[in-house]
Amino acid sequence: MNAWMRYPSKSRSALIVLIMVILTIWILVQTGAIKARFRVKRTGISEKVVSLPEPSLKGNMSVEEAIYRRRSIRDYRQEPLSIKELSQLLWAAQGITFQKYGFRSAPSAGATYPLELYISVKEGGVSGLQAGIYHYSPFDHTIELVKKGDFSEELTRAALDQPWVRKAAICIIIAANFERTTSVYGERGVRYVYLEAGHVGQNIYLQATALNLGTVAIGAFHDDWVQSIVGCSEHPIYLFPVGRRW
Ligand SMILES: Cc1cc2nc3c(=O)[nH]c(=O)nc-3n(C[C@H](O)[C@H](O)[C@H](O)COP(=O)(O)O)c2cc1C
């Protein structure tokens, strides 16, 4: 009898499971899937990191009412959003809701989290924030200024002159790093990334509705132009202008 066979069959099975778990973790680390889940991505003007207020876990509107009331809103009052409202929207879109594993408000295939959020804040768009492009870090619930200036006009032109982009106080740009998901799922990962953006978009819609804000999903824009305005390496796939509704 060889040494392996001397172990009771239960111990052998346990050992095989353990080896498989270790192998799976090793593969996820190598492919970047785990790194993406816990990484704080800092690329911008590092002294310009803004801590966002804690998101609220109780609102004034039920999820049923928010689903019922959700509409695409394209006309906004020229009033700033508060930093609390911005915090709530970003948390609903991609906030971490289970610290232990870094799981987020929206589901992600294999928890590969391919999406990055950027926010274009126009002049006077958010009380207390200077105009610019910010990147959201779910890991510490902060935003970092990556580009100073009001890009709402250029973003409007890149979005085929849709005037609601100009009118909105902010525009959330959902950008994708496809490689994070395709490195695990191959070509099928491309589909998963777009599905995931849909989940994030619906969370933005419902949270905006519950806060009595207006938003609209925008799929019609020049990808490369928006990417150069934002200055990101990821691919912009969805825009959500948000403003205070009438
Ligand atoms: C993938 C996608 C892309 C869209 N792109 C645009 C767009 O570029 N501009 C726009 O004004 N609305 C856009 N919309 C919003 C739709 O026009 C809107 O959802 C539809 O008219 C139904 O209205 P409702 O959202 O109020 O139910 C888009 C919606 C989806 C799901």
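This is a predicted model: local features need pLDDT of at least 70, side-chain atom pairs count only at pLDDT 80 or more; totals for chains, interfaces and linings use all residues.

Reader: What is the make-up of the chain in helices and strands, and what share of its residues count as buried?

Author: The chain has 9 helices and 10 strands, and of its 246 residues, 41% count as buried. Among contacts between residues at least 6 apart in sequence, 73% join residues at least 24 apart.

Reader: Which residues of the largest nonpolar core touch the most other members?

Author: That core holds 62 residues, and those touching the most other members are Ile 170, Ile 172, Ile 174 and Val 242. Helix H8, which covers residues 188-210, gives the most to this core, with 9 residues. As one example, Ile 174 touches Leu 115, Leu 117, Ala 197, Val 200, Ile 237 and Tyr 238, when residues up to four places away in sequence are not counted.

Reader: How should I read the burial pattern of a helix, and which residues of H9 are buried?

Author: The general idea is that an α-helix has 3.6 residues a turn, so residues three or four places apart point the same way. In H9, the buried residues are Val 226, Ile 229 and Val 230. Seen down the axis of H9, these buried residues fall within an arc of 95°, so they line one face of the helix. They pack against strand S5 (115-121), strand S6 (132-137), helix H5 (152-158), strand S8 (170-176) and S10.

Reader: How many residues of H4 are buried, and what is the span of this helix?

Author: Helix H4 (residues 83-94) is mostly covered, with 10 of its 12 residues buried, among them Glu 85, Leu 86, Trp 91 and Gln 94. From its first C-alpha to its last, H4 reaches 16 Å, which is close to the 16 Å expected at 1.5 Å a residue.

Reader: Where is Glu 234 found, and is this residue buried or exposed?

Author: Glu 234 is found in the loop between helix H9 (223-230) and strand S10 (235-245). Because 22 C-beta neighbours lie inside 10 Å, Glu 234 counts as buried. Not counting residues up to four places away in sequence, Glu 234 touches Glu 116, Ala 175, Ala 176 and Asn 177. The C-alpha atoms of Glu 234 and Ala 175 are separated by 5.4 Å, although the two residues are 59 residues apart along the chain.

Reader: What should I look for in the phi angles?

Author: Just after H9, Gly 231 takes a positive phi of about 75°. Phi of Ala 111 is near 50°, a positive value in a residue other than glycine, and Tyr 113, which is not a glycine either, has a positive phi of about 45°. Ala 111 is found in the loop between strand S4 (103-104) and S5, and Tyr 113 is likewise found in the loop between S4 and S5. With 16 C-beta neighbours inside 10 Å, Ala 111 counts as partly exposed, whereas Tyr 113, with 24 such neighbours, counts as buried.

Reader: Which residues are around the ligand, and how do they divide by class?

Author: The residues around the ligand are Arg 71, Ser 72, Arg 74, Gln 162, Val 216, Ala 217, Ile 218, Gly 219 and Ala 220. By class, this shell has 4 nonpolar, 3 polar and 2 charged residues.

Methods:
Residues are numbered from 1 along each chain as its sequence is written. A nonpolar core is a set of buried Ala, Val, Leu, Ile, Met, Phe, Trp, Tyr and Cys residues joined through C-beta atoms within 7 Å. A residue is buried if 20 or more other C-beta atoms lie within 10 Å of its own, exposed if 12 or fewer, and partly exposed in between; C-beta atoms are placed from the backbone. Helices (H or I, at least four residues) and strands (E, at least two) are DSSP runs, numbered from the N terminus. Two residues are in contact if their C-beta atoms, placed from the backbone, lie within 7 Å. A residue is near a molecule or strand if its C-beta atom, placed from the backbone, lies within 6 Å of it. Ala, Val, Leu, Ile, Met, Phe, Trp, Tyr, Cys and Pro count as nonpolar, Asp, Glu, Lys and Arg as charged, and the others, Gly among them, as polar. The arc is that of the directions from the helix axis to the C-beta atoms. The expected span of a helix is 1.5 Å times one less than its number of residues.
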